[in-house]
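The sequence and structure come first.

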Amino acid sequence: MIFSIHIPKTAGTSFRTALETSNLKIRSMYINRRRQICLIGEKCTFEDFAEIDYPISIREIMTIVRSQNGKGNKIIVHGHFFYDSIAPFLEEGDSFIFWIRNPYDRLLSEWCHHVSRALKVDFDGRLQELNYSKMLELSQKTPAELNTLLTIQSIAEPYRVYLGSLPLDRCFFIGEFENYKVDLEKLSGLLGVKLQHRYDNVTPATSVLSPEFIDRVKDPLKNELEYYRKLVEFKRTRF
């Protein structure tokens, strides 16, 4: 089974669309910090989620996912979940796909995502609505609320949080956001299917990657940048 870890703002939604329009068998799995999950059958749209009674253990989640396995086309499980959460329940031969993006660009995109939806994230990782005038104000500058985002580890260090202790030799493929079209074609060859190239969930640009922005976030992103460079080097050597 192939697990596709969707790290936010790394072309994961576009990749999900590419999977859905192929003849692969797709399952969706979302596990948040509270272990609330949604599972679906053949599609990944939120409207098609099958609700699961809470609380449910990750062992039970993985049992459900594997029970949906079938013969024929490869099964790919896609969604927001953490490697370390599912690692105890993996089987020999399970492998992983994920996409990466320059941490500065990725963080800016995530910030713009919240601004464009008039949302911010509180210290518990919950979204709180902002009024329209506040959204316009925040879209004009690098806001103080950026500090709030940087206190949430899954935003400041998403590669370390989502990938955790994932051994890179278990990777089926690593793709780069900056080379999305080319890498999608490479992955198509590895999977033996045609994956269509289309961008989805593109965040409106409400700011630019200014020197001021980089200076403000370079210290919180220090460890993430180091890990990102390691991932890029491995990816370009292996794939």
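Contact here means heavy atoms within 4.5 Å. Among contacts between residues at least 6 apart in sequence, 76% join residues at least 24 apart in the protein chain. The model is predicted: local features need pLDDT of at least 70, side-chain atom pairs count only at pLDDT 80 or more, and totals for chains, interfaces and linings use all residues. Residues are numbered from 1 along each chain as its sequence is written, and side-chain values use heavy atoms, with hydrogens and water left out.

**Overall make-up**

- The protein chain has eleven helices and nine strands; these are DSSP runs numbered from the N terminus, helices being H or I with at least four residues and strands E with at least two.
- Of the 239 residues in the protein chain, 51% are buried (buried is under 20% relative accessible area, exposed over 50%, partly exposed in between, with a 1.4 Å probe and protein chains only).

**Helix H11**

- H11 spans residues 222-238, which makes 17 residues.
- From first C-alpha to last, H11 reaches 25 Å, close to the 24 Å expected at 1.5 Å a residue; the expected span is 1.5 Å times one less than the number of residues.
- Buried residues in H11 are Glu-224, Leu-225, Tyr-227, Tyr-228, Leu-231, Val-232, Phe-234 and Lys-235.

**Salt bridges**

- The whole structure contains six salt bridges, each defined as a side-chain nitrogen of Lys or Arg within 4 Å of a carboxyl oxygen of Asp or Glu.
- One of them pairs Glu-110 with Arg-106, with the closest N and O atoms 2.6 Å apart.
- Glu-110 and Arg-106 are separated by about one helical turn because they lie four residues apart in helix H4 (residues 103-116).
- Glu-110 is buried at 9% relative accessibility, and Arg-106 is buried at 2%.
- Asp-183 and Lys-186 form a salt bridge at 4.0 Å, N to O; both are in helix H9 (residues 180-191), three residues apart, about one turn of the helix.
- An α-helix has 3.6 residues a turn, so residues three or four places apart point the same way.
- Lys-186 is partly exposed, with a relative accessible area of 38%, whereas Asp-183 is buried at 1%.
- Asp-183 also forms a salt bridge with Lys-235, where the closest N and O atoms are 2.9 Å apart.
- This pair links distant parts of the chain, with Lys-235 in H11 and Asp-183 in H9, 52 residues apart.
- Lys-235 and Asp-183 are both buried.
- Shared partners join Glu-176, Asp-183, Lys-186, Lys-235 and Arg-236 into one salt-bridge network.

**Packing of H1 on H9**

- Helix H1 (residues 12-20) packs with H9 at an angle of about 35 degrees, their axes 12 Å apart; axes are lines fitted to C-alpha atoms, for helices over the stretch in contact, and angles run from 0 to 180 degrees between N-to-C directions.
- Ser-14, Phe-15 and Ala-18 in H1 meet Tyr-180, Leu-184 and Leu-187 in H9.

**Surroundings of Tyr-159**

- Tyr-159 lies in helix H8 (residues 158-163) and is buried at 0% relative accessibility.
- Tyr-159 and Ile-7 are 152 residues apart along the chain, yet their C-alpha atoms are separated by 7.2 Å.
- Leaving aside neighbours within four places in sequence, Tyr-159 contacts residues including Ile-7, Trp-99, Arg-106 and Gly-164.
- Contacts of Tyr-159 also include Glu-224, Tyr-227, Tyr-228 and Leu-231, which are among the buried residues of H11.
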